[in-house]
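Please load the model in your viewer and keep the selection panel at hand. The tour moves from one selection to the next and says what is to be found at each stop.

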Amino acid sequence: MDNITTYREAVKEAIRKAMREDERVFLMGEDVGHYGGCYAVSMGLLDEFGAERIIDTPLSESAFTGAGIGAAMNGMRPIVEIMTVNFSLLALDQIMNNAATLLHMSGGQFNVPLVIRMATGGGKQLAAQHSHSLEGWFAHIPGLKVLTPATIQDAYEMVGLALADPDPVLIFENALLYNSKGSLDVHATPTPIGKALIHKVGKDITIVSYGISLFKALEASKTLAEDGIDAEVIDLRSLRPLDDETIMNSIKKTHKVIIVDEGWKSGSISAEIMARINEQAFYELDAPMERVCTAEVPIPYAKHLEDAALPNPEKIVAMAKKMMGKS
Amino acid sequence: MELDLNKAKEFYKEMLLIRRFEEKCVELYSNQKIRGFLHLYIGEEAIAVGVMSALSQEDAVFATYREHGHAIAHGVSAKSMMAEMFGKMEGCSRGRGGSMHLFDGATRFYGGSAIVAGALPLAVGMALADKMMKRNRVTVCIFGDGAVAEGEFHESLNLAALWKLPVLFVCENNRYAMGTALKYTESETDIYKKAASYKISSKQIDGMSVMDVAQAAKEAIASIHKEQAPMFLECLTYRFRAHSMFDAELYRQKSEVEEWKRKDPLTLFENSLKDKNMWSEIDRAEMEDEIKNTIDEAVTFAENGTLEPIEDLERFVYSEASHG
């Protein structure tokens, strides 16, 4: 049943399916209706579902995110679209102080079945207020689930998984992936939240990735294969919860690990993963763990500088070769 | 507003219960039975009692961290509230929330929010869901004058007005955001005018008069149902006690406090009942006895409550199977 589609269409199709099947589902955010979505994800949905369920909001991230929480507490299944993760900081109070805490503060009485989607990532010369990858920050917060779909299949499945979840789920869609093409099987059984996937089996070194870094890691693994290095590539899919088991099992096999993270190195999700490997698989390691992260700088506008700041396949290859003693 | 004797007794008793409950909380705080932050509602009782008298059982309430009075007036049991402040499992939030985070699903009491203005967006969403599902109920959102300076206040009022949502916004203007007077923080100190600028029908009323509040709330709820649009009440009031238990009250004159105490909502209502020749029908001593029993029972219930096992520490971060 596979058909070739784009990441953008996969997300849209998942939203459309959910809205057709469940009257409680609605979409709200800036420019989601008449404009068709900043990244055209919701193009056409206003015509199909009307302005009552595809709701254009003012530029009030805090209020419409909070409204999503309130509606979720009152029986709805809202999908809130925040244009980019950079603007989600204006709604951080609602996400952190309400969505993540209400179930606990109320002693288990009020859960918040809210889905928040937002674009993330750099690479389009949009400079320091439109290019950051802050999903690792959100993964710090108990009460939230943090998903990072990389593939077309996950772009589709994660919308449904998030809507079916009784608690707040954040979906980070890398903006460079919206035009990517791939196969989608809408009848496949969804891979659950919290389960990482191994996209390439290998025996020499583990490359842990998520989001767009998956494709950088896969490209790197091809180059490495030419040098006789057989890399295993993991897509985490979810930053909270993290699939420790898949990571540790891979390290038990390869004994070496590189983590690729589009966040900054300091205090990042890659740091958390290293700490867990240290706790759970230290004696399996044959070499110090390594990371390929974004440089510790607000993303610059100039293309050559931005390119230099972000992780890329070359950096991953160089790091892997160094670890394998082949540099 | 027509006031029969039963209603008069009910209003007076509710306000007195809140007053005595709060006084007991101070005592228990001094005895270190209650800890954390404790914000007392003494002086502002007329607002909670007046507003809640206008609600139906279906209506929802969002309140602030100074919410003991709202919870009592909305029907949350004194026992479960006291147990909450003792940090016991029998508390209305299982001891996870404390004084600032009282929650009660049975009465649709949604807290106890301690981020100023943080609950306004939630109230907007709650009302949006009711509108979408064509349920005929109202969400009440209570906040202080401090909230007016927050962006979430303005964003929420705009959304509620734009989307014509059934929300009753109640601003308890007690003149101080913690220790800073409104005149030092707002270019427009008549708060109801800000709501009007969002095309929300709004009113400034005497928050010390339970009758005035009850009447205004009743009309507001009726209007929300009829017009399918939000309403805004600014209730002028005063807190007689410090902001919290850690406040030395250096920012206001004792004479100002004494001036406002002359408008004590209990005294005001008593005088009004005397004017109506109803006061003699009220047995104040009997009322005090009943309230003392209620509070004593609440304290005993809290004392005898259970401490949640440490093994359960990480529960209620994510829903358990029953929620799924």
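Begin by colouring chain A and chain B separately: the area buried between chain B and chain A is about 3,300 Å², and carbon and sulfur atoms give 64% of that area. Bear in mind throughout that this is a predicted model.

Next, select Leu122(B), Met132(B) and Tyr318(B), which together supply 18% of the area that chain B buries against chain A, more than any other three residues. Widening the selection to everything in contact across the interface brings up 40 residues of chain B and 44 residues of chain A.

If you now look for polar interactions across the interface of chain B and chain A, the rule finds 22 residue pairs in polar contact, with both residues at pLDDT 80 or more. A search for salt bridges across the interface of chain B and chain A, by contrast, finds zero.

Switch to a cartoon of chain B and pick out strand 2 (109-113), helix 5 (120-132) and helix 6 (151-162), the elements that give two or more residues to the side of chain B that touches chain A. Of that side, the largest share, nine residues, comes from helix 5 of chain B. Coloured by class, the side of chain B that touches chain A shows 19 nonpolar, eleven polar and ten charged residues.

Keep helix 5 of chain B selected, for the largest share of the lining of the largest pocket, four residues, comes from helix 5 of chain B as well. To centre the view on this pocket, select Leu128(B), Lys131(B), Met132(B), Trp163(B) and Leu165(B), which lie nearest its centre among the 19 residues that line it. The volume of the largest pocket is about 370 Å³. By class, the lining of the largest pocket divides into nine nonpolar, three polar and seven charged residues.

Select Glu262(A) and Lys216(A), whose side chains meet in a salt bridge at 3.7 Å, N to O. Glu262(A) lies in strand 13 (residues 257-264) of chain A and Lys216(A) in helix 9 (residues 213-226) of chain A, so this pair ties together parts that are 46 residues apart in sequence.

Methods: Residues numbered from 1 in each chain as written. Chains lettered and ligands numbered in written order. Predicted model: local features only at pLDDT ≥ 70, side-chain atom pairs only at ≥ 80, totals over all residues. Heavy atoms only, no water. Contact = heavy atoms within 4.5 Å. Buried area = accessible area lost by both parts, 1.4 Å probe. Salt bridge = Lys/Arg side-chain N within 4 Å of Asp/Glu carboxyl O. Polar contact = N/O pair within 3.5 Å; in protein donor to acceptor, adjacent residues only side chain to side chain. Nonpolar A, V, L, I, M, F, W, Y, C, P; charged D, E, K, R; others polar. 1 Å grid on protein atoms, 1.4 Å probe; cavity = no way out; pocket = protein on both sides within 12 Å on 5 of 7 lines; lining within 4 Å. Points joined across faces, edges and corners; volume = space filled by probe spheres on them.
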